[in-house]
Structure formats: C-alpha cells, structure tokens
Amino acid sequence: MSKRVLILGGDGFCGWPTSLHLSAQGHEVHIVDNLVRRRQDEELGVQSLTPIRPLSERLKAWQEHSGREIAFTALDIAHDYGQLRDLLAQWRPEAIVHFAEQRSAPYSMKSPRHKLYTVDNNLNATHNVLCAMVEVGLETDCHLVHLGTMGVYGYKTSRFKLPEGYQKIRLLSPDGNDSVETEILYPPDPGSIYHMTKTQDQLFFYYYNKNDGLRITDLHQGIVWGTETPETCCDERLINRFDYDGDFGTVLNRFVMQAAVGHPLTVHGTGGQTRAFIHIRDTVRCIELAIAHPPAPGERVRVFNQTTETHRIRDLARLIHELTGAPIDFVDNPRKEQDENELKVENQGLQNLGLAPITLSAGLLAEVSEVAARYRHRCDLTKIPARSRWRPQTASCPPERD
Ligand code: NAD
Ligand code: USQ
C-alpha cells in the first residue's frame with residue numbers, strides 16, 4: 001500500500017538509496033536534510049570515493065529515470081523546530097524514517113567541539129521529531145521508523161544471544177527474599193559519544209510511546225557495507241556515497257577500498273572485535289518491511305536487530321587478503337574497546353516479516369571492489385588512517401572493563 005513517507009536524512013549513505021527504493025515501490029517520498037554531511041566532508045578535507053551529485057541533480061535524474069518525483073525540504077531538524085512542525089502539519093506523513101543524526105563514532109570523539117555537536121544534533125533531532133509529532137496530532141496516524149545501532153548493547157561477550165531490544169530480568173527485593181519477573185530495555189552500554197546518543201534516543205522513544213502513544217519502530221542496525229542498490233546503479237547521477245576516510249569510512253568498505261588502492265588493510269589492535277553487519281540492499285528492504293508493518297496503536301516500541309551476520313574484524317581482513325593479496329597491517333587501536341569479543345544476535349524479527357538476508361559473498365565483495373577500483377583515482381591516501389583517539393595519547397588509559 002502506497003504511503004506518504006518523510007525521510008529525514010534522505011541525502012545520506014543509507015537515506016538516499018532508501019528514498020529511491022521507497023519511491024520505486026510506489027510510496028510518495030519527501031526528503032528532509034540540512035546537507036550537513038556534505039559540509040562535514042569539506043571540514044575533513046575529504047570526498048566520497050564515488051562522485052555524488054548535488055541533491056537537486058540526484059532528484060532530477062530520478063525523475064527522468066523513473067518518472068517519479070521526490071520532494072525535498074532543506075531543514076535542520078535539530079534546530080528548526082517550527083519549520084519541522086509546520087511541515088508535519090501540512091504534509092501529514094503516514095511514516096517518518098529518521099536517519100538524520102551524526103553517525104560516526106570517530107567523528108564524535110575528535111574533540112570537545114565534536115562531542116558537543118554530536119550530542120546537541122542527535123538528541124535535539126530525535127526529540128524535535130517526537131515533540132512535533134505530538135504537537136500536530138500524529139500519535140496514531142503516523143509511524144516513526146528510527147535507525148538505531150547494534151552498538152547500544154555494547155560489545156561484551158555474552159553466553160546468550162542479544163535480544164531484540166528487551167531483556168527479561170528477575171528483580172530482587174532489597175532483602176533478597178522476594179523477586180518479580182519483568183522486561184526492561186536491554187541495559188545500554190555505549191562505546192562512543194555517538195553510540196551514547198543512540199542509547200538516549202531509546203529513552204525518548206520509551207517515554208513518548210508510554211505517555212503519548214506514539215507508534216515507533218527502532219531498528220538496531222549493524223555496520224552497513226556495500227554501496228549500490230538496484231536503484232542507485234541505474235544512472236551515474238544516482239550513485240550512492242562511499243566513505244573511506246578514517247572518520248566516516250566503515251570497516252569492511254574501508255578494507256575493500258584499501259585493497260583497491262594498494263594500501264595495507266588497517267586492522268585495529270588484534271582485530272578480535274566481532275561486529276554485526278548488513279548489506280545496504282538489505283537496509284533498504286528492512287525499512288520497506290518496517291513501514292509495511294507498523295506497531296498496533298498502544299503497542300510498546302518495537303525493536304528489531306537490523307543485521308544479517310556477525311564477523312570478526314581480522315577474519316574480514318584475511319578474506320580480503322585472500323581475494324586480493326592486500327597485506328594486513330595490525331595498527332595501534334585508536335579506540336577504547338575490547339580487543340576480543342564473541343557476539344550472538346537474535347535477528348528473527350525482520351526475517352519473520354519477509355527479509356531474505358543477503359550475506360557476505362565473493363560476488364557482492366567483487367561488486368564493491370569494482371566500484372572502489374573505478375573511482376580509486378579520487379582517493380586521498382592521507383585520509384585513510386583513523387586519527388581520532390578515544391583518549392589522548394598521553395593519558396593513562398585503564399583497560400576496557402568486562
Ligand atoms: P549519513 O551521515 O550518511 O546520513 C545522515 C544524513 O542526515 C546526512 O545526509 C545529513 O546531512 C543528515 N542530517 C544529519 N543531521 C541532520 C539534521 N540536524 N537535520 C537534517 N538533516 C541532518 O549517515 P548514514 O550512514 O546514512 O546513517 C543514517 C542513520 O543510520 C544514522 O542515524 C546512523 O546512526 C544509522 N546507522 C548507520 C550505519 C552505517 O553503517 N552507516 C549503521 C547503523 C546505523
Ligand atoms: N576498525 C578496524 N579498522 C578500520 C576501521 C574500523 O579495525 O580501519 C574496527 C573498529 O575498531 C571497530 C570495528 O572495526 O572495532 C567497527 O568500526 P566501524 O568504523 O566499521 O563501525 P562503528 O564505529 O561501530 O560505526 C558504524 C557506523 C555507525 C553504526 C555502527 C553500527 O558508522 O553509524 O551505528 O557502525 S555498530 O557497530 O553495530 O554499532
């Protein structure tokens with residue numbers, strides 16, 4: 001069923017292919033973005049490996065290609081509350097997909113200014129959306145789909161699979177003689193200022209759902225890899241961004257691109273960190289599924305783990321090494337994180353709605369490698385190292401706690 005879908009952050013890495021996919025599915029799509037991500041590239045002196053076009057050109061190309069129109073409003077949702085509220089009141093979306101946050105952990109740790117910016121932007125963005133939905137009476141007619149992160153759970157080895165959002169617990173009375181079983185949000189354990197903002201988003205959702213009955217799905221997404229979807233690769237003007245720099249580049253895309261430009265693969269520490277992953281084509285499909293299945297009025301916040309597989313970082317590096325011959329460099333880890341962890345994740349929710357997961361395959365890696373090779377002349381090798389440190393190099397750094 002076609003819906004009016006507002007995409008906050010629709011010019012970004014996940015937002016752009018999602019906007020195209022939903023438009024191709026017949027939804028009426030309206031993008032809101034303040035284009036801050038493009039300004040962050042300027043601030044960092046780096047560009048997407050792929051030559052992304054100005055948003056106006058992207059939208060024109062999509063119209064020419066598909067005959068479908070995507071509307072656009074330039075707006076800072078963290079600071080232009082009145083404009084956001086008026087847009088919701090006038091356009092009355094049936095679904096809002098919220099991507100519009102500062103999403104890089106290293107960027108959030110670069111300096112006090114970057115910490116303050118990330119907290120200010122992300123918390124105000126999320127709260128403004130929720131507050132405006134209530135002010136204009138979108139409690140039951142609209143469904144908010146938020147892009148959260150697997151990082152809210154922390155990356156501690158656990159005997160059990162990480163649940164989808166909620167954990168059954170037994171609360172003990174202070175004297176220990178009585179207990180009661182209940183369910184709570186899984187205890188948050190952020191690993192960066194960025195991840196911390198996502199754990200706080202969860203509390204906003206909990207409150208607005210409880211108090212105002214807002215219908216919300218929070219998608220705890222793993223690390224996205226890949227770059228193209230069927231819609232972005234049908235015209236070069238629609239190409240998606242490919243971040244490779246030390247702040248915004250994510251690990252698997254970085255390894256593929258490093259191999260393409262002849263740079264050693266930058267494994268942090270021992271590479272024993274295990275993380276959750278999802279291909280960009282599954283990201284857009286998951287959002288389509290979430291929109292098609294809103295929580296019922298009165299239902300609590302629905303949480304799905306939007307991830308299809310887990311991998312240890314050094315295994316990914318070995319895989320890319322075997323495929324390409326690129327050497328592996330075990331570099332000093334600029335982050336404060338556990339060197340080694342196991343990770344088991346419950347992820348049936350989206351599959352029950354119809355997701356058929358795409359998992360890591362040589363074919364898909366070859367596709368990403370092909371994109372990286374095509375644009376390798378655009379790479380600035382000096383931007384590859386991850387220089388943002390979780391603690392100043394001089395500070396004594398206590399080990400990560402179990
Ligand atoms: P991105 O930085 O490429 O896109 C975010 C978009 O939001 C950008 O276009 C930016 O200009 C816009 N934006 C940011 N603040 C805004 C504001 N105040 N007002 C209006 N627009 C604003 O990020 P992405 O990789 O597309 O990630 C999107 C979402 O998905 C993020 O919330 C992120 O936390 C989440 N996520 C991403 C990944 C990943 O691997 N990329 C993994 C898990 C979760
Ligand atoms: N890493 C390397 N080498 C590199 C880059 C990263 O070994 O060159 C390691 C990091 O130390 C870390 C792991 O790879 O242990 C993942 O790093 P990443 O930069 O790929 O991902 P992360 O910082 O966790 O953030 C990304 C997105 C973020 C999203 C998150 C999902 O930028 O928006 O929320 O993935 S998750 O990791 O599940 O929290």
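Visitor: What does contact mean here, and what counts as a helix or a strand?
Guide: Contact means heavy atoms within 4.5 Å. Helices (H or I, at least four residues) and strands (E, at least two) are DSSP runs, numbered from the N terminus. The chain holds 12 helices and 14 strands.

Visitor: What kind of model is it, and how are residues numbered?
Guide: This is a predicted model: local features need pLDDT of at least 70, side-chain atom pairs count only at pLDDT 80 or more, and totals for chains, interfaces and linings use all residues. Residues are numbered from 1 along each chain as its sequence is written, chains are lettered from A and ligands numbered from 1 in the order in which they are written, and side-chain values use heavy atoms, with hydrogens and water left out.

Visitor: Which elements do the buried residues of α8 pack against?
Guide: They pack against β9 (223–225), β10 (265–268), β11 (274–279), α10 (313–324) and α12 (362–374). Buried means under 20% relative accessible area, exposed over 50%, partly exposed in between (1.4 Å probe, protein chains only).

Visitor: How many residues of helix α8 are buried?
Guide: 10 of its 11 residues (251–261) are buried, so helix α8 is largely enclosed by the rest of the structure. Among the buried ones are N253, R254 and Q258. Just after α8, G262 has a positive phi of about 75°.

Visitor: How does the radius of gyration of the chain agree with a compact globule?
Guide: The radius is taken over C-alpha atoms; the globule rule is 2.2 Å times the number of residues to the power 0.38. For 402 residues, a compact globule would be near 21 Å, and the chain has 21 Å, which agrees. Along the principal axes, the C-alpha atoms fill a box of roughly 65 × 55 × 40 Å. Of the residues, 54% count as buried. Among contacts between residues at least 6 apart in sequence, 82% join residues at least 24 apart.

Visitor: Is R58 buried or exposed?
Guide: R58 is buried, with a relative accessible area of 0%. R58 lies in helix α3 (residues 55–66). Its side chain reaches the backbone oxygen of I239 at 3.1 Å. Leaving aside neighbours within four places in sequence, the contacts of R58 include D11, W16, R237 and N240.

Visitor: Which side chain does K198 join in a polar contact?
Guide: A polar contact is a pair of N or O atoms within 3.5 Å; within protein, one must be able to donate a hydrogen and the other to accept it, and residues adjacent in sequence count only if both atoms are side-chain atoms. The side chains of K198 and E101 make one at 2.9 Å. K198 lies in helix α7 (residues 193–212) and counts as buried, at 5% relative accessibility.

Visitor: Where is R281, and how far is I358 from R281 in space?
Guide: R281 lies in helix α9 (residues 280–292). R281 is partly exposed, at 25% relative accessible area.
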